[in-house]
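Subject: Structure handover

Hi,

Here is the structure for you to look over. My notes follow below it.

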Amino acid sequence: MNTFTMKLQPNHFYYMKNGTKRIELRLNDEKRSKICIGDKIIFYKEPLLDESFETTVIKLLKYNTFEELINEYGTKICADKTITKQDLLNELEKFYPKEKQSKYGVLGIMISLN
């Protein structure tokens with residue numbers, strides 16, 4: 001079992017900390033492809049990284065694009081019920097352009113709060 005660290009934008013940090021967001025969305029790049037079920041992830045709130053919480057990976061979801069993953073699971077557990085699918089996709093594409101999604105695929109990391 002390994003422990004990973006990840007940074008989250010403040011709104012997504014609170015969605016997850018409050019239990020709304022239960023799937024973290026990332027590229028399935030070299031770093032994230034090492035994550036396994038049972039691993040721990042400590043999430044830090046950007047930009048100061050002064051708040052954190054620990055989670056356990058309970059399931060890994062592999063898709064070609066974020067849109068496919070969100071179509072399957074919805075924004076309610078991939079972010080929050082207050083955000084639209086298109087707004088979430090636009091936000092994700094700022095960090096992970098479609099070219100990178102095509103190159104690596106995407107990973108939904110289903111977590112439980114510790």
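In which hand does α2 pass α4? The crossing is right-handed. Bear in mind that this is a predicted model.

First, the helix pair. Helix α2 covers residues 66–73 and helix α4 covers residues 85–95. Their axes come within 11 Å and cross at roughly 150°. On the α2 side, the contact is made by Phe66, Glu67, Ile70 and Asn71. They meet Lys85, Leu88, Leu89 and Leu92 of α4. By class, that contact has five nonpolar, one polar and two charged residues.

Next, burial in α2. Phe66, Leu69 and Ile70 are buried there. Viewed down the α2 axis, the buried residues fall within an arc of 95°, so they line one face of the helix. An α-helix has 3.6 residues a turn, so residues three or four places apart point the same way. The cover over the buried residues of α2 includes strands β2 (23–27), β4 (52–63) and β5 (106–113). It also includes helices α3 (75–78), α4 and α5 (98–104). Just after α2 comes glycine 74, with a positive phi of about 80°.

Last, methionine 110. This residue sits in strand β5. Is methionine 110 buried or exposed? Its relative accessibility is 17%, under the 20% cut-off, so methionine 110 counts as buried. Setting aside neighbours within four places in sequence, methionine 110 is in contact with Arg22, Ile23, Thr56, Val57, Ile58, Lys59, Leu61 and Tyr73. Threonine 55 is 55 residues away from methionine 110 along the chain, and their C-alpha atoms are separated by 9.6 Å.

Best wishes

Terms used. Residues numbered from 1 in each chain as written. Predicted model: local features only at pLDDT ≥ 70, side-chain atom pairs only at ≥ 80, totals over all residues. Heavy atoms only, no water. Axes fitted to C-alpha atoms, helices over the stretch in contact; angles between N-to-C directions. Helix = DSSP H or I, 4+ residues; strand = E, 2+ residues; numbered from the N terminus. Left-handed = near helix turned anticlockwise from the far one by under 90°. Contact = heavy atoms within 4.5 Å. Nonpolar A, V, L, I, M, F, W, Y, C, P; charged D, E, K, R; others polar. Buried < 20%, exposed > 50% of the residue type's maximum accessible area, 1.4 Å probe, protein only. Arc of directions from axis to C-beta.
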